[in-house]
Amino acid sequence: MQKQILFLGAPGVGKGTFAKRIAPLIDYQHLSAGDVLRNEVRNRTKNGLLASAYMNSGSLVPSSLIIDLMRTQVLQASQRPGVLLDGFPRQREQAELWAACNENKLPDLIVNILLNEEVLLTKLTSRRMCEKCGENFNLADIRFPPFDMPALLPRVPDVCDVCGASPLVQRPDDRPDVVRRRLALHAELEAPLLHFYKSRGATVVYFVVNRGVQLTAEHG
Ligand code: AMP
């Protein structure tokens with residue numbers, strides 16, 4: 001049966017950045033719930049129109065909607081040895097529904113990524129995204145012990161390295177008021193979600209981040 005690894009953690013901890021780099025190394029398909037939703041919004045699908053109001057206000061989209069979308073994505077990746085689920089399931093209800101979709105099989109590994117709260121806020125509000133392809137950048141250069149998180153800058157200022165689109169924008173849900181709501185929601189939902197998995201014997205590991213990644217190393 002196809003393996004499933006979950007990357008969990010507060011908004012802005014770098015789940016997507018790490019997942020995007022790790023998944024190809026093990027030939028897994030990286031599936032980010034946020035990216036899947038943003039793609040629906042970008043393509044103005046029925047699901048996207050429904051999801052955008054929730055996303056812009058920092059709330060979770062209805063569980064049935066994200067479960068359907070992620071099921072489709074996982075099916076499309078069925079030839080891969082595994083999938084790396086990034087930001088999904090995000091609450092106990094989703095974890096229960098997802099287990100039911102997977103013959104009650106639990107994820108093979110759950111990685112809970114943790115980052116100092118002050119650094120998290122700086123990183124979130126300094127994030128920039130390409131509206132066209134969704135690539136992420138970060139303007140914050142955080143270097144004070146024990147943190148070594150260089151900015152993730154595009155090669156040409158304000159131009160996406162991947163697709164060349166410009167300008168790079170701030171996500172509507174990265175505005176400070178929405179960020180606060182997203183972080184509060186994460187804090188409320190994290191413990192019951194982890195309790196669900198741990199009480200069923202799933203392997204949960206904690207990964208404390210104090211180093212970033214450099215885009216320049218990858219793009220050479
Ligand atoms: P992210 O890119 O992970 O920060 O997600 C951006 C937004 O997408 C969240 O604030 C939610 O509105 C929505 N979203 C992402 N993942 C989920 C999920 N598993 N369940 C419900 N909504 C989600």
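Two strands count as paired if DSSP finds at least two bridges between them, and the strands (E, at least two residues) and helices (H or I, at least four) are DSSP runs numbered from the N terminus. The model is a predicted one, so to speak of local features takes a pLDDT of at least 70, side-chain atom pairs count only at pLDDT 80 or more, and totals for chains, interfaces and linings use all residues. Residues are numbered from 1 along each chain as its sequence is written, and side-chain values rest on heavy atoms, with hydrogens and water left out.

Now for the sheets. By the pairing rule, E5 and E6 are joined by three bridges and run antiparallel, with Arg127 finding its bridge partner, Asn138, in E6. These two strands belong to an open sheet of three, ordered E6-E5-E9, with antiparallel pairing. E6 and strand E9 (168-169) sit at the edges with a single partner strand each, so one side of each has no neighbour in the sheet.

The other sheet is open too: five strands in the order E2-E3-E1-E4-E10, with parallel pairing. Its edge strands are E2 (29-32) and E10 (204-208), each pairing on one side only. From one strand to the next the twist averages 20°, where axes are lines fitted to C-alpha atoms (for helices, over the stretch in contact) and angles run from 0 to 180 degrees between N-to-C directions. Four bridges tie E2 to strand E3 (residues 82-86), and Leu31 has Leu85 as its bridge partner in E3. Strand E1 (residues 3-9) pairs with strand E4 (residues 109-114) over five bridges, in the parallel sense. E4 and E10 run parallel and are joined by five bridges.

On to the helices. Helix H6 (residues 117-125) has Val119, Leu120, Lys123 and Leu124 buried, buried being under 20% relative accessible area, exposed over 50% and partly exposed in between (1.4 Å probe, protein chains only). Seen down the H6 axis, the buried residues fall within an arc of 130°, so they line one face of the helix; the arc is that of the directions from the helix axis to the C-beta atoms. Among the elements covering these residues are strands E5 (127-130) and E6 (136-138), along with helix H7 (176-199), contact meaning heavy atoms within 4.5 Å.

Helices H2 (residues 33-42) and H4 (residues 63-76) have axes that come within 10 Å and cross at roughly 100°. Ala33, Val36, Leu37 and Glu40 of H2 make the contact with Ile66, Leu69, Met70 and Gln73 of H4.

Most residues other than glycine have a negative phi, and most peptide bonds are trans. Asp27, however, has a positive phi of about 60° without being a glycine; Asp27 lies in the loop between helix H1 (15-25) and E2 and is partly exposed at 42% relative accessible area. Arg44 also has a positive phi, near 50°, and sits in the loop between H2 and helix H3 (46-56), where Arg44 counts as exposed at 66% relative accessibility. The peptide bond from Pro145 to Pro146 is cis, with omega near 5°, and Pro146 is in the loop between E7 and E8. Another cis bond runs from Ser166 to Pro167, with omega near -5°.
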